[in-house]
Every structure is written in structure tokens, then in C-alpha cells.
Amino acid sequence: MLQILRARDRPERPWKNGGGVTRQIAVYPEDADVSGFDWRVSLATVAVAGPFSAFAGVDRLMLVLEGRLELEMLGADLMTLEAGGPAFEFPGDAPVAALAPASPVADVNVMVRRGRFTASLERRTVAETAAVISQDVSLILGPSGGVEVAYGAEWARLDPEDAARLDHARGALVRLRSAGPTDVVVIHINAVR
């Protein structure tokens with residue numbers, strides 16, 4: 001069954017390290033906190049410079065929705081992430097720090113317990129109609145709204161930052177439609193087999 005996860009139902013919480021705020025979209029197990037999840041999907045706002053929280057044994061993916069963010073990671077060149085760009089994947093236990101952004105940055109974060117789950121995170125443009133092939137868990141986020149989703153016959157509208165979630169329907173078709181070109185964020189999470 002397709003669940004609609006409304007943005008209005010997500011409270012804002014401070015980051016584990018206090019450097020920003022997060023709004024949890026979905027987590028597994030359902031009652032897990034930030035130290036006990038197997039996977040977690042959230043929206044975050046970065047407004048100041050500082051190190052990312054460390055998550056041992058976790059793989060992370062991050063996609064910028066608004067703004068531009070520069071990241072320093074030990075042993076790597078300075079990375080620039082910006083709206084419209086691809087997702088950035090990195091180990092949650094690696095030391096990563098954000099440089100001070102010129103304005104607040106909004107992003108999507110996906111974290112999965114290494115060796116137990118894998119994830120993908122990408123932006124897609126819906127130009128009137130599109131489809132997503134679901135995985136073990138699939139989420140479709142409508143950052144700016146204006147998208148309708150359907151699994152079966154019934155359509156549901158996504159308002160800004162709402163998400164649709166489908167579990168245990170690997171290979172099923174989720175249909176999307178919009179009045180004009182609209183970006184969505186597609187997240188797939190799979191158990192390691």
C-alpha cells in the first residue's frame with residue numbers, strides 16, 4: 001500500500017552535533033532514534049559551518065535541494081554540492097565538515113547501516129508523466145509539490161516536501177504525473193541479500 005508522508009507531520013529537531021536541523025521523513029525500525037536505525041531518510045537545513053555528525057558503520061547519501069554547499073573530507077579535494085547536482089555518497093564515519101554557506105542549504109539525507117542495507121538517491125524531472133520501479137522500500141519526495149502519485153488506481157497529491165512510500169513491492173510500477181516539468185527525489189532502499 002502506498003503511504004503518503006505529509007511534511008506537516010515532521011517536527012524539526014536539532015542535529016546530533018547541534019549544527020543544523022533535521023526533519024525525519026522515514027526510519028527503520030519505526031521507533032529507532034538517531035543511534036539505533038537500520039536506515040533513515042530526512043531533510044536537513046545547513047546554515048553554519050561545522051563538522052558532520054559521525055555515524056559509525058553507516059553509509060550516507062546527500063542531495064542538495066536548495067543552495068550550494070562546500071564540503072571538506074579527509075583525503076579528498078574540496079567538494080561542491082549544489083541544487084540540480086547529483087547525490088554525494090560518503091561513509092558516515094569519515095570526518096566531513098561543511099564550510100559556511102552563503103545562504104541556508106536544504107538537502108535530503110539517506111543513511112543505511114553498512115552491510116545490512118544499500119540505498120540510491122536521485123533527482124528526476126517529471127514532464128507530465130513518469131514511472132518509478134519500486135524496490136524493497138521506495139520513497140518519492142516532491143520538494144516543491146505539484147506531483148501526483150499512484151500505485152494501482154488511486155492517485156494522491158504531494159504538496160511541498162510530502163513523500164510517498166511503498167514497502168515490499170519490489171518491481172511494482174509507481175506512476176507519477178504533473179501539470180508541467182517538476183522535479184522529484186527518488187530514494188530506493190534494499191536489504192543486502
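**Exercise 1. Determine which residues of the largest nonpolar core touch the most other members.**

Solution. A nonpolar core is a set of buried Ala, Val, Leu, Ile, Met, Phe, Trp, Tyr and Cys residues joined through side-chain atoms within 4.5 Å. Buried means under 20% relative accessible area, exposed over 50%, and partly exposed in between (1.4 Å probe, protein chains only). The model is predicted: local features need pLDDT of at least 70, side-chain atom pairs count only at pLDDT 80 or more, and totals for chains, interfaces and linings use all residues. Residues are numbered from 1 along each chain as its sequence is written, and side-chain values use heavy atoms, with hydrogens and water left out.

Step 1. The largest nonpolar core has 23 residues, of which I25, L139, I187 and I189 touch the most other members.

Step 2. At least two residues of this core come from each of β3, β4, β6, β11 (105-113), β12 (117-126), β14 (137-142) and β19 (182-191). Strands are DSSP runs of E with at least two residues, numbered from the N terminus. The largest share, 4 residues, is supplied by β11.

Step 3. Apart from neighbours within four places in sequence, the contacts of I189 (heavy atoms within 4.5 Å) include W39, V41, V112, F117 and L139.

**Exercise 2. Classify the ring pair of Y28 and W39, and state where its members lie.**

Solution. Rings of Phe, Tyr and Trp (its six-membered ring) pair if their centres lie within 6.5 Å; planes under 30 degrees apart count as stacked, over 60 as edge-to-face and the rest as tilted.

Step 1. The whole structure holds 5 aromatic pairs. In one of them, the centres of Y28 and W39 are 6.3 Å apart and the planes meet at 15°, so this pair is stacked.

Step 2. Y28 belongs to strand β3 (residues 20-28) and W39 to strand β4 (residues 39-46), 11 residues apart.

Step 3. Y28 is partly exposed at 38% relative accessibility, whereas W39 is buried at 2%.

Step 4. Ring pairs also join Y28 and W39 with F117 in a cluster.

**Exercise 3. Describe the surroundings of the F37 ring.**

Solution. Step 1. F37 and F55 form a tilted pair, with 5.9 Å centre to centre and 55° between the planes.

Step 1. F37 lies in the loop between β3 and β4, and F55 in the loop between β5 (50-51) and β6 (58-66).

Step 2. F37 is buried at 1% relative accessibility, and F55 is buried at 9%.

Step 3. The charged end of R113 sits over the F37 ring, 5.2 Å from its centre. This term requires NZ of Lys or CZ of Arg within 6 Å of the ring centre and within 35 degrees of the ring normal.
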